[in-house]
Amino acid sequence: MSTSRERTPEDYAARHLRRGWLCLLVFLAAGLALESLHGLKVGAYLDLDQAVRRHMWTLAHAHGALLGLVHLGLAATARAHPSLTTCSHGHVASTSLDLASLLLPLGFFLGGLWHYAGDPGLGVLLVPVGGALLVVAALLVLLGLRAAPP
């Protein structure tokens, strides 16, 4: 006897809707914070020796917001093709997208938080892992849709 219930296609879609809107909220707010740093002419963000930080944090904001849209796209896809949510491809794609949504922006943010002599910090090593997970998610969604009955 299991206490957890099987996830329905609606649960799957709702999960990605929540995550998509959460990503948009967090990363659009981060973008406003970056604009504020710019507007207030904060040296720790705008000084010439902080170009790496500025670039990395802009990439964190952009990737996070775009990943929010990818979550919304996956939610819409799950509603249009409910069979995607019941196959193993769909579950692994969902988890891969969740991890990519964490690792990609976090890697860019940490890479800019601690940077050295024009190079991003070690946190940037999370970026290729997150990027690979995003590619895996997209591939598995495509394979799940291909296997789904019309």
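Which residues make the nonpolar surface patch of about 290 Å²? The patch is built by L22, L25 and V26. Patches here take residues with over 30% relative accessible area and no salt bridge, joining like charges within 9 Å and nonpolar side chains (Val, Leu, Ile, Met, Phe, Trp, Tyr) within 5 Å. A salt bridge, in turn, is a side-chain nitrogen of Lys or Arg within 4 Å of a carboxyl oxygen of Asp or Glu. The areas come from the Shrake-Rupley method with a 1.4 Å probe, and for residues only the protein chains shown count as cover.

The model is predicted, so local features need pLDDT of at least 70 and side-chain atom pairs pLDDT 80 or more, while totals for chains, interfaces and linings use all residues. Residues are numbered from 1 along each chain as its sequence is written, and side-chain values use heavy atoms, with hydrogens and water left out.

V26 sits in helix α1, residues 9-39; helices (H or I) are DSSP runs of at least four residues, strands (E) of at least two, numbered from the N terminus. With a relative accessible area of 42%, V26 is partly exposed, a label that falls between buried (under 20%) and exposed (over 50%), again with a 1.4 Å probe and protein chains only.

Rings of Phe, Tyr and Trp (its six-membered ring) pair if their centres lie within 6.5 Å; planes under 30 degrees apart are stacked, over 60 edge-to-face and the rest tilted. Two aromatic pairs turn up by this rule. Y45 and W57 are stacked, at 6.2 Å centre to centre and 20° between the planes. This pair links Y45 in helix α2 (residues 43-46) to W57 in helix α3, twelve residues apart. W57 is buried at 15% relative accessible area. The rings of W57 and F109 have centres 5.2 Å apart and planes at 15°, so this pair is stacked too. Y45, W57 and F109 form one aromatic cluster.
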